[in-house]
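These exercises concern the pockets, the cavity and the ligand of one structure. Work through each task before reading its solution.

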Amino acid sequence: MVCNLLQGKKGIIFGALNEKSIAWKVAEKAYQQGARFILSNAPAAVRFGEIDQLAKACKTEVLVADATSVKDLENVFSGTMEKFGGKIDFVLHSIGMSPNVRKGIPYDRINYDFYHKTLDISALSFHKMLQVARNIDAINDWGSVVALSYVAAQRTLYGYNDMADAKALLESIARSFGYICGRDKKIRINTISQSPTVTTAGSGVRGFDSLVDFTERMSPLGNATAEECADYCITLFSDLTRKVTMQNLFHDGGFSSMGMSMKAMHQYDKSFRPCD
Ligand SMILES: NC(=O)c1ccc[n+]([C@@H]2O[C@H](COP(=O)([O-])OP(=O)(O)OC[C@H]3O[C@@H](n4cnc5c(N)ncnc54)[C@H](O)[C@@H]3O)[C@@H](O)[C@H]2O)c1
């Protein structure tokens, strides 16, 4: 067990809703590794109250922000700097939501107001965070920013809908801002492309259980859990990955490099047997 990998580091973790959330696991592990951080989530999520338990366990506090609001984000970044008496070292963007997915509206009948919302919440919010942080010089040199993505940015997966477009945009923002922040401040910016994971956001995707089963059969190492994703985030916040930037890093047990596996073929064959 590695200890104190984040000793002395300070940060902000956006997106812990409940104990299934990837951000929740990241917060627990960051705390174990010696980091201090502020938690942030949208007003509705904070009203559920579960995040207060996490804040208590990690001896910290919650600053409320709708991640689509630049003003809210400014308050979170400046409030965090005030609390810690200076700049921070890491930021986790673990935010995603699509009203089209939530309401079961298919991609070819999309509601454009909802589409804007999907992109704003799930991707533009990342740009807003990075711009706010840059404007007030909130992140230390050699700091690290991570956002969570999904392979639907590169490959079409039934049911993922407009979130696929949001993830493609999110990954592009990581590269575009990664250049600027790397060049000027040695700050690294990456996305982690995570396996399907049973969380509130994940379970909202149509056919999610089948998707989880499919990717489990396809991935030589099996699906990555939320805890394993959190471990990977910790390495990216640590000083062990100082030259990793502008990358979309697959954390998916090998799924993204597979075409067909023995386990998936076995299952596929089964469904044809009765007709053979
Ligand atoms: N669960 C999966 O299968 C999976 C796979 C790959 C990537 N991801 C990504 O991981 C990230 C975290 O999702 P999760 O699976 O932990 O689910 P989750 O539902 O626990 O987290 C999503 C978070 O987004 C927050 N959020 C929504 N709208 C917001 C807004 N306007 N302002 C601020 N916060 C807002 C929610 O309150 C919630 O905390 C998302 O970006 C998601 O797309 C999830």
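The model used here is predicted.

**Exercise 1. Find which residues lie nearest the centre of the largest pocket, and describe its lining.**

Solution. 
- Step 1. Start with the residues around the pocket: 45 of them line the largest pocket, and Ser94, Ile95, Gly96, Met97 and Ala201 lie nearest its centre.
- Step 2. Sort the lining by class. It holds 24 nonpolar, 16 polar and five charged residues.
- Step 3. Look for the element with the largest share. Helix 2, residues 43–48, supplies four residues of the lining.
- Step 4. The largest pocket holds about 1200 Å³ of space.

**Exercise 2. State which pocket the ligand takes up, and describe the shell of residues around the ligand.**

Solution. 
- Step 1. Locate the ligand: the space it takes is the largest pocket.
- Step 2. Identify the elements involved. Strand 5 (139–149), helix 7 (163–185) and helix 8 (200–203) are those that give two or more residues to the shell around the ligand.
- Step 3. Pick out the element that gives the most. This is helix 8, with three residues.
- Step 4. List the surroundings. The ligand is surrounded by 29 residues, and the closest are Ser21, Asn41, Lys167, Thr197 and Thr199.
- Step 5. Divide the shell by class: 15 residues are nonpolar, 12 are polar and two are charged.

**Exercise 3. Give the distances from ligand atoms to polar atoms of glycine 15, asparagine 41 and aspartate 66, then say how much of the ligand the protein covers.**

Solution. 
- Step 1. Begin with the backbone. A polar backbone atom of glycine 15 lies 2.8 Å from an oxygen atom of the ligand.
- Step 2. Turn to the side chains. In asparagine 41, a side-chain N or O atom is 2.7 Å from a ligand oxygen atom.
- Step 3. For aspartate 66, the ligand atom is a nitrogen, and its distance to a side-chain N or O atom is 3.0 Å.
- Step 4. Consider the cover. On its own the ligand has 820 Å² of accessible area, and the protein covers 92% of this.

**Exercise 4. Describe the second largest pocket by its volume and its lining.**

Solution. 
- Step 1. Note the volume, which is about 320 Å³ for the second largest pocket.
- Step 2. Count the lining. There are 18 residues, of which Tyr107, Tyr158, Gly159, Tyr160 and Asn161 lie nearest the centre.
- Step 3. Name the elements: helix 5 (99–102) and helix 7 each give at least two residues to this lining.
- Step 4. Sort by class. Nine residues of the lining are nonpolar, six polar and three charged.

**Exercise 5. How many cavities of 30 Å³ or more does the whole structure have, and which residues line the largest cavity?**

Solution. 
- Step 1. Search the whole structure: one cavity of 30 Å³ or more is found.
- Step 2. Give the volume of the largest cavity, about 50 Å³.
- Step 3. Name residues of its lining. Among them are Tyr150, Val151, Pro196, Asp252 and Phe255.
- Step 4. Divide the lining by class, which gives five nonpolar, five polar and one charged.

Methods:
Residues are numbered from 1 along each chain as its sequence is written. This is a predicted model: local features need pLDDT of at least 70, side-chain atom pairs count only at pLDDT 80 or more; totals for chains, interfaces and linings use all residues. Side-chain values use heavy atoms; hydrogens and water are left out. A residue is near a molecule or strand if one of its heavy atoms lies within 4 Å of it. A polar contact is a pair of N or O atoms within 3.5 Å; within protein, one must be able to donate a hydrogen and the other to accept it, and residues adjacent in sequence count only if both atoms are side-chain atoms. Accessible areas come from the Shrake-Rupley method with a 1.4 Å probe; for residues, only the protein chains shown count as cover. On a 1 Å grid over the protein atoms alone, a cavity is a set of points where a 1.4 Å probe fits but cannot get out, and a pocket is an open set with protein on both sides within 12 Å along at least five of seven lines; lining residues have an atom within 4 Å of a point. A molecule sits in a cavity or pocket if more than half of its atoms lie within 2 Å of its grid points. Ala, Val, Leu, Ile, Met, Phe, Trp, Tyr, Cys and Pro count as nonpolar, Asp, Glu, Lys and Arg as charged, and the others, Gly among them, as polar. Grid points are joined across faces, edges and corners, and a volume is the space filled by probe spheres set on the points.
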